[in-house]
Amino acid sequence: MSHSLEPSRKVTFQVVAKPGANTLYIECASPMDANKWVEHLTKVIGLYQEGKLWI
Amino acid sequence: MKTILENPANADKQTIIEEAKITENNLNVLLQNKDIVESTQIEEEKVNAPEKQEEAAPTTKQLDPLVKDAKLFLVAGTIVKVWDKQGVPKEMHLYMTYDLDEIQSKKPFSTQPEKEFCLKIEDVAGVVKGYEKYGPGATSPFAKPKGLFKKSKSS
């Protein structure tokens, strides 16, 4: 019996950290979930980098 | 007036009444002036008020509904699988703190976030979807056989 490698069909994303911090590798249950995470995190991080994250 | 104050016994009734009237008039004049000063102050405040409103306005303007949605989603979080450095998945509740300062993850039904899977927003370089490498020399555990690539039982 042989084993072949196949990628998981789950949708994943990475929150890439700067040197010195741990990158988060995340697997979501659904593509919609992953899309939401990526979209919203990108938005919030963009606001933070622009100095507009007021909350 | 001074003479009356110094020697009240020597003062006549008429002079006292006259002096009293004068002081009453002076007080009335002062009160009128006070009203004028107060009214001018109120007018000045009214003139300056729009500027103050403009200063306070950005807080209300910044409440972008899209950002609000993003905040609600991120603070609530979801149950996901977070992969450690060795490529072992752990089921965790991923969420952001209320001030959007840190991405945290904790075991479901646990109250304590696990430091290994926490990341401050200032340390985030970017968000990448999929398996792509990010930046020069970056490696992903997804590319490893023990990571996201799972062995299938194929004959």
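A residue is called buried here if 20 or more other C-beta atoms lie within 10 Å of its own. With that in hand, welcome to a few close-ups of this predicted model.

**View 1. Chain A, from strands to helix.** Of the 55 residues in chain A, 31% count as buried. The chain holds one helix and three strands, arranged along the sequence as β-β-β-α. Its mean pLDDT is 77, and 76% of the residues score at least 70. Among the elements of chain A, H1(A) has the highest mean pLDDT, 87, while strand E1 (residues 3-6) has the lowest, 40. Please look kindly on residues 1-9 of chain A, where the pLDDT is below 50; beyond near neighbours in sequence, this stretch makes 14 contacts in the model. Where pLDDT is low, the predicted coordinates should not be read in detail.

**View 2. Helix H1 of chain A and what follows.** H1(A) is 20 residues in length and spans 28 Å from its first C-alpha to its last, close to the 28 Å expected at 1.5 Å a residue. Which residues of H1(A) are buried? They are Ala34(A), Trp37(A), Val38(A), His40(A), Leu41(A), Val44(A) and Ile45(A). After the helix comes Gly51(A), with a positive phi near 75°.

**View 3. Strand E3 of chain A beside strand E1 of chain B.** Here is a spot where the two chains meet: E3(A) and E1(B) run antiparallel and are joined by three bridges. E3(A) is mostly covered, with four of its five residues buried. Ile26(A) sits opposite Val82(B) of E1(B). Leaving aside neighbours within four places in sequence, Ile26(A) is in contact with Thr12(A), Phe13(A) and Val15(A) from chain A, and with Val80(B), Val82(B) and Leu94(B) from chain B.

**View 4. The largest nonpolar core.** This core has 30 residues, and those with the most contacts inside it are Val15(A), Leu24(A), Ile26(A), Leu41(A) and Val82(B). Chain A elements that each supply at least two residues are strand E2 (11-17), strand E3 (24-28) and helix H1 (31-50). From chain B, helix H3 (65-76), strand E1 (78-83), strand E2 (89-96) and strand E5 (124-129) each do likewise. Which element gives the largest share? That is H1(A), with six residues.

**View 5. Chain B in outline.** Three helices and six strands make up the secondary structure of chain B, and the sequence order is α-α-α-β-β-β-β-β-β. Of its 155 residues, 16% are buried. Among contacts in chain B with a separation of 6 or more, 16% link residues 24 or more positions apart.

View 6. Leu100(B) has a phi near 55° and lies in the loop between E2 and strand E3 (102-106) of chain B. Phe109(B), also not a glycine, has a phi of about 70° and belongs to the loop between E3 and strand E4 (119-120) of chain B. Is each residue buried or exposed? Leu100(B) counts as buried because it has 21 C-beta neighbours inside 10 Å. Phe109(B) counts as exposed because it has 6 C-beta neighbours inside 10 Å.

Note on methods. Residues numbered from 1 in each chain as written. Chains lettered and ligands numbered in written order. Predicted model: local features only at pLDDT ≥ 70, side-chain atom pairs only at ≥ 80, totals over all residues. Core = buried A, V, L, I, M, F, W, Y, C linked by C-beta atoms within 7 Å. Buried ≥ 20, exposed ≤ 12 C-beta atoms within 10 Å, placed from the backbone. Contact = placed C-beta atoms within 7 Å. Pairing = 2+ DSSP bridges. pLDDT = per-residue confidence, 0-100. Expected span 1.5 Å × (residues − 1).
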